[in-house]
Amino acid sequence: MRRITAWLLGTVSGVVLLVSYHTSTMGSALPPAPTTAAGEVSPPATAATAPLAGAARSAIAAPAPATPATPATPATSAVPSGDAVVNGAAVSTRWGIVQVQIHVQNGQIVDVVPLAVPDSNGHDFRVNSYAVPVLHDEVLAAQSANIDTVSGATVTSNGYIRSLQSALDAAHLSRS
Amino acid sequence: MTGGRPGPEPPAPTAPRRAWVEQIMGMPISVHLRGPGVGGAAASAAVAAVFAELRAVDAVFSTYRADSDVMRLNRGEVDLAGCHADVGAVVELCDLARLRTGGLFDPELPAPDGGTWFDPSGLVKGWAVERAAAHLAGLGGAGGLDFCLNAGGDVIVGTADDGSPAWRVGIEDPTDLSRIVCVVPLRAGGVATSGRAHRGGHIVDPRTGAPASAVLAATVTGPSLMWADVYATAAVVRGADALEWLDSLAGYEGLVVEPDGRAFATPGFPRAGA
């Protein structure tokens with residue numbers, strides 16, 4: 001159980017790094033392991049018994065957010081050998097609080113969903129069932145996206161000539 | 001863990017396609033038609049009718065024309081009964097929009113002279129484009145024509161039959177206008193995006209009178225372009241809980257881009273490849 005817990009925590013750390021990617025443009029390097037607490041992953045595991053947690057906590061050099069971590073939602077289930085939905089601990093990073101939810105099927109992690117990620121001001125941004133992150137790899141250069149038209153904030157006549165839409169129009173313009 | 005996504009889908013079989021563009025209401029209006037009849041007189045006439053109708057609407061509603069009905073109404077030269085009948089219809093729709101958005105959509109906006117005036121532009125655009133697009137929806141016939149009408153970044157589409165491919169609507173990345181956040185495949189209905197990418201803080205929070213700032217851009221898609229546009233504008237004003245609110249709207253899905261460039265969508269938001 002302990003090895004599995006550590007493995008899950010490692011996955012959480014990896015996901016923390018992933019969801020922190022967009023905020024890493026603030027100019028700071030990513031911390032080596034931005035976790036301070038864990039333990040809600042499976043019932044027997046606590047921060048005290050998870051060796052990763054103590055080491056990671058001491059690795060945090062930046063001041064922690066003023067607000068304490070919101071209590072993690074207790075895991076609804078934590079049986080890694082079967083099917084489970086596990087809420088990770090609310091982890092304090094230098095940018096704010098991050099929490100992920102892990103979906104386990106047949107002992108395999110099949111999905112990781114961010115429940116909370118910090119916004120650019122370090123405030124807790126809660127991602128709920130109504131919000132799905134649009135992953136960075138969906139963002140495409142317009143030229144490669146094979147699109148017919150562009151929806152954007154109001155394009156004015158003055159800006160039209162430089163817009164993507166003008167290029168898309170030009171390809172089909174009627175000369176009649 | 002979510003894996004990598006497949007690359008762009010292969011292009012659909014190419015049907016004859018033709019585009020028209022005019023500048024009306026201070027914005028580019030592009031019409032794209034797709035199908036075997038794009039070169040015919042019926043197609044040209046329908047597109048001309050779209051442009052003519054939008055010009056007529058502009059003459060009634062423009063806040064940039066001193067002689068428009070709306071400006072004469074604002075100066076007290078006429079009452080509502082003295083205006084074109086469309087003005088009364090739009091006033092009622094504005095009341096409904098104010099109700100449906102909890103007051104976040106409001107046509108009573110700051111006027112250049114420091115007071116407030118009635119400026120329904122935020123609703124008229126979607127309303128007029130949706131109504132004008134009816135000229136294109138009638139172009140079915142044998143073989144049929146698909147249409148895609150883009151009015152300054154707000155899009156309404158239709159397809160002639162189930163065999164027509166969806167139009168691929170790219171959602172502009174407000175942090176980098178050469179990129180798109182995702183692609184919405186759309187066979188009918190509207191996509192509207194509101195935000196600050198092109199005009200600075202042009203959406204005003206009626207609660208504070210200040211430019212809205214918590215959401216950089218909001219995109220809404222659904223059956224009505226007018227409502228999609230109203231909801232997108234309200235979502236930008238709403239800010240932090242915009243997506244939760246959008247998710248509560250039956251028939252409409254939304255996507256918001258935050259100031260740091262991250263994007264979030266409602267679970268039902270249609271995305272190609274997602």
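What percentage of the 176 residues in chain A are buried? The answer is 39%, where a residue is buried if 20 or more other C-beta atoms lie within 10 Å of its own, exposed if 12 or fewer, and partly exposed in between, with C-beta atoms placed from the backbone. In chain B, buried residues make up 49% of the 274 residues.

Before going on, a word on what you're looking at. This is a predicted model, in which local features need pLDDT of at least 70 and side-chain atom pairs count only at pLDDT 80 or more, while totals for chains, interfaces and linings use all residues. Residues are numbered from 1 along each chain as its sequence is written, and chains are lettered from A and ligands numbered from 1 in the order in which they are written.

Chain A has four helices and eight strands; helices (H or I, at least four residues) and strands (E, at least two) are DSSP runs, numbered from the N terminus. Reading chain A from the N terminus, the elements go α-α-β-β-β-β-β-β-β-β-α-α. Chain B comes to seven helices and 12 strands. Contacts tell you something about the two chains as well, with two residues in contact if their C-beta atoms, placed from the backbone, lie within 7 Å. Among contacts in chain A between residues at least 6 apart in sequence, 47% join residues at least 24 apart. For chain B, residues 24 or more positions apart account for 54% of the contacts with a separation of 6 or more.

Now for the sheet. It is open, has nine strands and runs in the order S6(A)-S12(B)-S11(B)-S10(B)-S9(B)-S6(B)-S5(B)-S2(B)-S1(B), with antiparallel pairing; two strands pair if DSSP finds at least two bridges between them. At the edges sit strand S6 (132-134) of chain A and S1 of chain B, each pairing on one side only. From one strand to the next, the twist averages 15 degrees; axes here are lines fitted to C-alpha atoms, for helices over the stretch in contact, and angles run from 0 to 180 degrees between N-to-C directions.

Strand S1 (residues 17-24) of chain B is joined to S2(B) by eight bridges, and the two run antiparallel. One of the pairs is Gln23(B) with Pro28(B) in S2(B). The hairpin has two residues between the strands, and Met25(B) there takes a positive phi near 60 degrees. On to S5(B): six bridges join S2(B) to strand S5 (residues 146-151) of chain B, again antiparallel, with Val31(B) partnered by Leu149(B). Eight of the eight residues of S2 (residues 27-34) of chain B are buried, so the strand is largely enclosed by the rest of the structure. Met27(B), Ile29(B), Val31(B) and Leu33(B) point one way, while Pro28(B), Ser30(B), His32(B) and Arg34(B) point the other way.

Further along, strand S9 (residues 188-195) and strand S10 (residues 217-222) of chain B pair in the antiparallel sense over six bridges. In that pairing, Thr193(B) has Thr219(B) as its bridge partner. Thr193(B) counts as buried because it has 32 C-beta neighbours inside 10 Å. Leaving out residues up to four places away in sequence, Thr193(B) touches residues of both chains, including Ser151(A), Gly152(A), Ala153(A), Ile171(B) and Ala232(B).

Finally, the helices. Helix H1 (residues 41-61) and helix H4 (residues 121-132) of chain B have axes that come within 9 Å and cross at roughly 150 degrees. They are therefore roughly antiparallel to each other (under 35 degrees counts as roughly parallel, over 145 as roughly antiparallel, 65 to 115 as roughly perpendicular and the rest as oblique). In H1(B), Val50(B), Glu53(B), Leu54(B), Val57(B) and Phe61(B) meet Val124(B), Ala128(B) and Ala132(B) in H4(B). By class, that contact has seven nonpolar, no polar and one charged residues, taking Ala, Val, Leu, Ile, Met, Phe, Trp, Tyr, Cys and Pro as nonpolar, Asp, Glu, Lys and Arg as charged, and the others, Gly among them, as polar.

H4(B) also packs with helix H3 (residues 85-100) of chain B, at an angle of about 115 degrees and with the axes 10 Å apart. H3(B) and H4(B) are therefore roughly perpendicular to each other. Val90(B), Leu93(B), Cys94(B) and Ala97(B) of H3(B) make the contact with Leu123(B), Val124(B) and Trp127(B) of H4(B).
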